[in-house]
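Subject: Structure handover

Hello,

Here is the structure you were waiting for. Please open it alongside this email; my notes follow below.

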Amino acid sequence: MTRIENLYCYGKSMNISSHDKQRIIAETFTARFGDRKHKIMVRSPGRINLIGEHTDYNEGFVLPAAIDRAIWFAVAPRGDEEFHFVAADLHDEFACSQNAIRKSSKAWPNYLLGVLEQIKKSGHELRGCEVVFGGDVPIGAGLSSSAAIEAGFAFALNTIFALGFEGLQLVRLAQKAENEFVGVQCGIMDQFVNIFGQEKKVLRLDCRTLEYEYFPFEHDEVCFVLCDTGVSRRLSSSEYNVRRGQCETGVAVLRRHQATIQSLRDVNLALLDQYKNELEPIVYQRCAYVVRENARVLSACETLLRGDLQTFGALMFESHAGLRDQYEVSCRELDVLVELARDIPGVLGARMMGAGFGGCTLNLVEKNRLAHFEEVVHAEYQRSTGRKARTHVVQPSAGTACALQ
Ligand code: GLA
């Protein structure tokens, strides 16, 4: 077995320590490119979002955390203008030169190429590098592996070439790589928490002002469990853009009455109801969800300050109901998992997470009931859907940073 195949197996294993993951990426780099004096290692985490879904692109509030699942990068400069990428978990490679950066027919290189393009657009001279990356953020599960690749790579290049970008500039650069090169009109949440996440903390971000505040999440008696539906998020990018459009339509109608309205952040339910007749029912419904979800994020933060996890969990269930019935971005498998969770003792809250149409639910579970929770979810999900659920226990962890070698 080659080192890369070895890594692939490790990447799939849930028991490997993060230290080992880092070592395997470093060894894969050496096997492929040799010893490089100026090589760095970067750890770039996936994320969860506790509450505040589809609010970021409406200038609202979100409450995400970086997690202890990450993509690791080994990156070293080359003496020329060539880029060599190895996607260790996919057993695949890609190379191009700096004047040939264009969209690839393969999906994965585009997350890296998009970053190169943005750096070029920012006026920096691009210099070549060698990259090996891989890790244990499940792909397509709604944990933002794409933002982890984009922001992690931007951070690595910023470090090896001393480009001088600050944290927020890296966030924006990574987001633009996704918007302009990959072609998904995502908001800013995923890239922001990737760079600014902190261990044992969740981060409330005001997506209008980009002011943020950390809330400690150190509750020894509970844990976050992700339940992966195994449903690929096929519809998520097309429907995502449709939802964005519906919110913008709502804002355009309301702005005819109040010129100061810039986004749904400026709207409350009373105002929305006042002009309900002028809004298509579906547009009203989408807007009402966003207005309520913003309020839920603020209430959720208050419950965290009080240490009231019961109410926090109830808000998660409410968020799911809104995403299912009003925003309509859930799917049967996500709903099955949330309903299952509701009936299992020791579950404080559960909801779908991320863009929707598949991926994971996020569950807040009492630790001493975890084994029972996982047992019931695995058995009952398969009975109801014929699919196998995967579960992952995750914790709030640090944002992207260089790792000691
Ligand atoms: C995706 C996007 C985020 C956000 C969520 C939904 O993860 O990348 O910007 O909009 O969906 O909350």
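How far is the sulfur of Cys-129 from the closest cysteine sulfur? It is 9.4 Å away, and that closest sulfur belongs to Cys-96. This is too far for a bond.

First, the ground rules. This is a predicted model, where local features need pLDDT of at least 70 and side-chain atom pairs count only at pLDDT 80 or more, while totals for chains, interfaces and linings use all residues. Residues are numbered from 1 along each chain as its sequence is written, and side-chain values use heavy atoms, with hydrogens and water left out.

**Cysteines**

A disulfide here is a pair of cysteine sulfur atoms within 2.5 Å. By this rule the count is 0 disulfides.

Cys-129 is buried, at 0% relative accessible area. Cys-247 is buried too, at 1%.

**Salt bridges**

A salt bridge is a side-chain nitrogen of Lys or Arg within 4 Å of a carboxyl oxygen of Asp or Glu. The whole structure has 27 of them. Here are some.

Arg-47 pairs with Asp-190, with the closest N and O atoms 2.7 Å apart. This pair links distant parts of the chain: Arg-47 is in strand β1 (residues 40-49), Asp-190 is in helix α6, and 143 residues separate them. Helices (H or I, at least four residues) and strands (E, at least two) are DSSP runs, numbered from the N terminus. Arg-47 is buried, with a relative accessible area of 5%. Asp-190 is buried as well, at 17%.

Helix α6 (residues 189-196) is mostly covered, with 8 of its 8 residues buried. Among them are Met-189, Phe-192, Val-193, Ile-195 and Phe-196, but also Gln-191 and Asn-194.

Arg-23 and Glu-27 form a local pair, with the closest N and O atoms 3.1 Å apart. Both lie in helix α2 (residues 18-33), 4 residues apart, or about one turn of the helix. Arg-23 is partly exposed at 35% relative accessible area. Glu-27 is partly exposed at 31%.

Asp-308 bridges to Arg-306, again with a closest N to O separation of 3.1 Å. Arg-306 is exposed, at 53%.

**A negative patch**

Which residues gather in a patch of negative charge on the surface? They are Glu-199, Glu-218, Asp-220 and Glu-221. Patches are made of residues with over 30% relative accessible area and no salt bridge; like charges are joined within 9 Å, and nonpolar side chains (Val, Leu, Ile, Met, Phe, Trp, Tyr) within 5 Å. Asp and Glu count as negative, Lys and Arg as positive; His and the chain ends are not counted. Glu-218 lies in the loop between β8 (212-216) and β9 (222-228). It is exposed, with a relative accessible area of 53%.

**Positive phi**

Most residues other than glycine have a negative phi. Leu-210 has a phi near 65 degrees, a positive value in a residue other than glycine. It is found in the loop between β7 (201-206) and β8, and is buried at 11%. Glu-328 has a positive phi of about 50 degrees, and is not a glycine either. Its loop runs between α10 (309-325) and α11 (332-342). Glu-328 is partly exposed, at 36%.

Ser-238 lies in helix α7 (residues 236-255) and is partly exposed, at 41%. Its C-alpha atom is separated by 9.7 Å from that of Gln-185, 53 residues apart along the chain. Val-242 also has its place in helix α7, and is partly exposed at 37%. Val-242 and Asn-268 are 26 residues apart in sequence and 22 Å apart in space, C-alpha to C-alpha.

Best wishes

Notes. Areas by Shrake-Rupley, 256 points an atom, 1.4 Å probe, with all protein chains shown as cover. Charge placed at Lys NZ, Arg CZ, Asp CG, Glu CD. Buried < 20%, exposed > 50% of the residue type's maximum accessible area, 1.4 Å probe, protein only.
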